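Let's take a walk through this structure together, moving from its strands to its cores and then out to its charged pairs. Keep the view open beside you as you read.

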Amino acid sequence: MSSLGFVMLCHTALHRAAQVARHWAERDCPVVIHVDRQVKRSRYDHFRRELADLENVRFTKRLRCEWGTWSLVQASQSAAELLLAEFPGVRHVYLASGSCLPLRPVDELQAYLAARPMTDFIESVTIRDVDWTVGGLNDERFKLRFPFSWKRHRFLFDTYVDLQRRVGYRRQLPDGVVPHLGSQWWCLTRQTLTAILQDPRRRELERFFSLVWIPDESYYQTLVRNYARTIESRSLTLSKFDFQGKPHVFYDDHLHLLRRSDCFVARKIWPKANRLYNTFLTDDAAISRMAEPAPGKIDRVFSRALERRTRGRPGLYMHSRFPNPDWENGKTAAPYSVFHGFNDLFLDFEGWLSRRLGTVVHGNIFDPRRARFAGDAPTYAGGLSSSATMRDYNPEHFLTSMIWNTRGERQSFMFGPRDSQKIGAFLAADSNAQISVITGAWAVQLYLSNRNFADIRQEAALLQRREVEFVNTLRHVKSRADIRIWTLAEFIEEPMENLQSILDATEGANALRLTEAPRMADLSGFAAFLQSLKNQGMNPMTVGDFPQEGHAHRPPADRNRPYLVN
């Protein structure tokens with residue numbers, strides 16, 4: 001006669017539950033099964049017929065069960081009472097679900113429990129020590145009333161909770177009850193379970209716990225403290241939950257992971273995981289280990305899975321994380337460089353920089369007319385279109401896609417006040433961005449344009465206003481990019497040194513000294529052009545203190561260095 005009996009709570013995948021129940025019953029372990037009343041009668045009758053040849057399998061009265069309600073405790077109570085009454089030789093009762101699967105031979109579990117005849121295995125932690133509950137209600141689940149279903153009547157549930165909070169309602173705990181929480185899946189001794197079920201105050205305790213939220217995680221976990229001789233606050237069932245409080249589902253490719261855990265039972269198993277069921281439900285495949293269950297062995301794997309699910313790979317956006325701000329694992333996948341104003345000051349700056357770095361250098365990819373990819377290509381890596389309409393639909397994801405599609409090769413591109421400015425805040429907040437800015441360089445192209453001066457003055461005011469807004473964004477306290485800012489006047493004082501500082505930051509220890517400088521635009525008469533703008537009432541302040549022609553200009557020592565942010 002077996003000293004171990006199982007209580008199974010089933011509501012779906014009954015063919016798999018039948019396999020597991022038969023596995024235990026044929027190894028001399030009585031099984032009492034509760035099937036949710038919501039299961040169709042025809043399926044229930046077929047389930048019973050599948051197990052009709054087993055003398056040590058019983059079925060208890062069916063109840064309508066729902067997550068988070070008292071019905072789950074009622075189902076386990078009635079099944080446990082039937083098991084204890086009809087199988088007096090049972091010394092330990094193991095609560096399992098229809099989606100559970102034994103991972104080790106039954107005789108190993110029996111031997112393990114026989115060596116610990118008075119030990120109850122149930123996770124039981126005081127509410128002040130529990131930090132794994134999702135959605136709050138650690139202590140409020142005992143202090144408030146929860147008569148409404150969280151799943152079926154969510155509005156009533158939330159409204160009633162809010163009302164109780166507003167009026168300051170608090171329930172009185174029954175005498176001797178110290179609230180504890182833990183996993184629903186336990187293995188209790190006959191003595192402890194009988195004491196709970198035959199408690200003289202059972203009706204009073206049931207009235208209290210029937211209005212507790214998710215009582216199947218607190219009823220036995222609390223009352224076991226009043227009766228058990230020895231408690232090991234852990235479950236013998238491997239059951240993992242994700243960051244949303246939903247159970248992990250095990251599939252065929254988790255076979256080796258489940259073996260490593262050395263646990264006796266696991267849930268939740270995918271009903272179509274044929275390999276798992278075929279492997280663990282045969283004695284031939286069982287390998288006797290007699291090892292201590294160690295679910296902690298695989299915690300690192302689940303931690304990595306949690307990080308991958310919530311944070312993902314750097315710079316890769318997924319649907320599951322997209323609606324949640326700041327869930328991305330880095331805004332972009334790799335470092336990249338942004339040059340603001342450089343192609344205004346230098347001729348063919350993109351070609352020079354590409355030769356110097358040995359990488360692809362793009363033009364103004366946020367040009368209002370079209371994305372200026374390297375070589376003026378209509379598409380770029382990953383099929384990115386140069387269409388301004390498609391790019392501007394979501395400029396942030398246009399950039400992240402470009403960096404993701406070319407990861408492993410550093411990208412550089414030009415930017416300026418003539419470009420679409422929507423990307424500015426994203427660039428400033430991206431720790432992968434290296435942003436170098438020459439303020440006022442937009443004036444060089446206006447100077448060389450030979451246009452009507454009234455139009456030039458109007459455009460100069462617009463460009464300067466945009467540039468000031470962009471620089472202020474870069475200088476915001478929350479900026480995370482690697483930022484260098486010069487005025488035009490500061491930069492042309494020592495252009496080689498300033499370019500070298502950018503390359504040093506880009507290439508690190510591998511940076512070589514510059515031997516070739518990009519060709520600068522001809523600035524003869526530029527000072528007079530700036531004075532004309534001032535005379536017309538437009539002050540080009542972002543250009544800096546540009547020297548008058550024919551006058552020596554040497555800024556103070558602290559003026560000829562780049563302004564560093566971050």
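**Strand E13 and its surroundings**

Strand E13 and strand E18 (residues 411-415) run parallel and are paired over 5 bridges. Here two strands count as paired if DSSP finds at least two bridges between them; helices (H or I, at least four residues) and strands (E, at least two) are DSSP runs, numbered from the N terminus. This is a predicted model, in which local features need pLDDT of at least 70 and side-chain atom pairs count only at pLDDT 80 or more, while totals for chains, interfaces and linings use all residues. Residues are numbered from 1 along each chain as its sequence is written, and side-chain values use heavy atoms, with hydrogens and water left out.

E13 also pairs with strand E19 (residues 433-439), again in the parallel sense and over 5 bridges. His340 is a handy landmark here: Phe415 stands opposite His340 in E18, and Val437 is the bridge partner of His340 in E19. Is E13 buried or exposed? Of its 5 residues (336-340), 5 are buried, so the strand is largely enclosed by the rest of the structure. Buried means under 20% relative accessible area, exposed over 50%, and partly exposed in between (1.4 Å probe, protein chains only). Tyr336, Val338 and His340 cover one side of E13, and Ser337 and Phe339 the other.

Now turn to the cores. A nonpolar core is a set of buried Ala, Val, Leu, Ile, Met, Phe, Trp, Tyr and Cys residues joined through side-chain atoms within 4.5 Å. The largest has 51 residues, and Trp24 and Ile33 have the most contacts inside it. Helix H1 (residues 14-25) gives the largest share of this core, 7 residues. A second, separate core of 37 residues includes Phe339, Leu446, Ala460 and Leu530. Back at Ile33, contacts (heavy atoms within 4.5 Å) beyond four places in sequence include Met8, Phe47 and Phe59.

Helix H4 (residues 106-114) holds Gln110, which is buried at 18% relative accessible area. Beyond four places in sequence, Gln110 is in contact with Ser2, Leu4, Arg27, Asp28 and Cys29.

Next come the charges. Side chains of opposite charge can pair when their charged atoms come close. The whole structure contains 27 salt bridges, each a side-chain nitrogen of Lys or Arg within 4 Å of a carboxyl oxygen of Asp or Glu. Glu140 and Arg165 form one of them, with their closest N and O atoms 2.7 Å apart. This pair links distant parts of the chain, since Glu140 sits in helix H5 (residues 140-143) and Arg165 in helix H6, 25 residues apart. Glu140 is buried at 16% relative accessibility, whereas Arg165 is partly exposed at 43%.

Arg166 is exposed at 67% relative accessibility, and Asp162 is partly exposed at 34%.

Finally, look at the loop between strand E15 (361-364) and strand E16 (379-380), where Ala377 is found. Ala377 touches Arg370 and Ser386, leaving out residues up to four places away in sequence.
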